[in-house]
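Hi,

Here's the structure I said I'd pass on.

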Amino acid sequence: MATGLVALLDDIAGLTRLAAASLDDVGAAAAKAGTKAAGVVIDDTAVTPRYVVGLSPKRELPIIGKIALGSIRNKLLFLLPAALILSAVAPWALAPLLMIGGAYLSFEGAEKVIEALGGGGHAQEEVAATDPIALENQKVSGAIRTDFILSAEIMVIALREVADRPLLTQAVTLALVAIVITAGVYGVVALIVKADDVGLYLAKRPSTLAQTVGRGLVKGVPVVMSALAIIGTAAMIWVGGDLLIHNVAEVGLPAPAAFVHHLAEDVGGGALGWIVSAAIAGVVGLIVGGIIALVMHKVHAARH
């Protein structure tokens, strides 16, 4: 009896060590995958605040909550199962899908550039602007749609880092990446958009230091929001172009990626090499996105 109990306890201890090792493996894989997707995460964080611009301050956090809920739904209910299925039955489809995502991001970014240059906006936005509820729903819908593309990139990038692991490890890692990144991105976004309210609160405090910090936040937040709108647009174009350059190599055209890589090395690599690579990706994204936007505008004009 005692021998059997010791054997049982030894088996339990062995299973516990195995489970702990598995958790460590998942944690390490999730950290590595999250690091690889950092560029897209920064893009997501920069893009999202623009969706609450022009809306009531009381609706900012509820809107961010809606977008965050839509984001986690995108990742866990749609993208995670789709990524696992594609990895198992059609791994060749991942690169073309990322290229489609890159083209979409390039188009979205180019549209913002065209609008900023006075090339006309979306008629739908002009109509919705007269109805606060319709405007809010439209902005939430647009944010979740853009998030779907960014989330797809994050999940596919993460999947590539654990493609050689067992299916369960892949699933748990992707779920962990989805939850942590969503919480991180929208937590930071919430802090950004509510920083002015914190500033107003601090400005009314009796402490001179609190008042100084508060006034600084009130004056600084609009500047930060404007900067984020520019950064978000630039990031969409950059990430879109980068996805196109690197994934076209996966479908048999390695020359563009090789050219960018060699050019980055020629300038010494490191930070300068990254800047060169990002600049080329931005140009590619702007050209591709501009062409798609031009075609879409022509089609829209023909229909009306």
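Of the 304 residues in this protein, 40% count as buried. Bear in mind as you read on that this is a predicted model. The protein exposes about 16,500 Å², and carbon and sulfur atoms supply 72% of that area.

As for the fold, there are ten helices and zero strands, so from the N terminus the elements read α-α-α-α-α-α-α-α-α-α. If you take the contacts between residues at least 6 apart in sequence, 78% of them join residues at least 24 apart.

Two helix pairs are worth a look. Packed helices like these are described by the angle between their axes and the distance between the axes.

Start with H3 (residues 60-89) and H7 (residues 167-203): their axes come within 10 Å and cross at roughly 160°. An angle over 145° counts as roughly antiparallel, and H3 and H7 are therefore roughly antiparallel to each other. Their contact involves 19 nonpolar, four polar and four charged residues. The crossing of H3 past H7 is right-handed.

Then there's H4 (residues 94-116) with H10 (residues 270-303), where the axes are 7 Å apart and the packing angle is about 75°. That makes H4 roughly perpendicular to H10. On the H4 side, the contact residues include Ala-103, Phe-107 and Ile-114; H10 brings in, among others, Gly-285, Gly-289, Gly-290 and Met-296. By class, this contact has nine nonpolar, five polar and one charged residues.

Cheers

Terms used: Residues numbered from 1 in each chain as written. Predicted model: local features only at pLDDT ≥ 70, side-chain atom pairs only at ≥ 80, totals over all residues. Heavy atoms only, no water. Axes fitted to C-alpha atoms, helices over the stretch in contact; angles between N-to-C directions. Helix = DSSP H or I, 4+ residues; strand = E, 2+ residues; numbered from the N terminus. Parallel < 35°, antiparallel > 145°, perpendicular 65-115°, else oblique. Left-handed = near helix turned anticlockwise from the far one by under 90°. Nonpolar A, V, L, I, M, F, W, Y, C, P; charged D, E, K, R; others polar. Buried < 20%, exposed > 50% of the residue type's maximum accessible area, 1.4 Å probe, protein only. Contact = heavy atoms within 4.5 Å. Areas by Shrake-Rupley, 256 points an atom, 1.4 Å probe, with all protein chains shown as cover.
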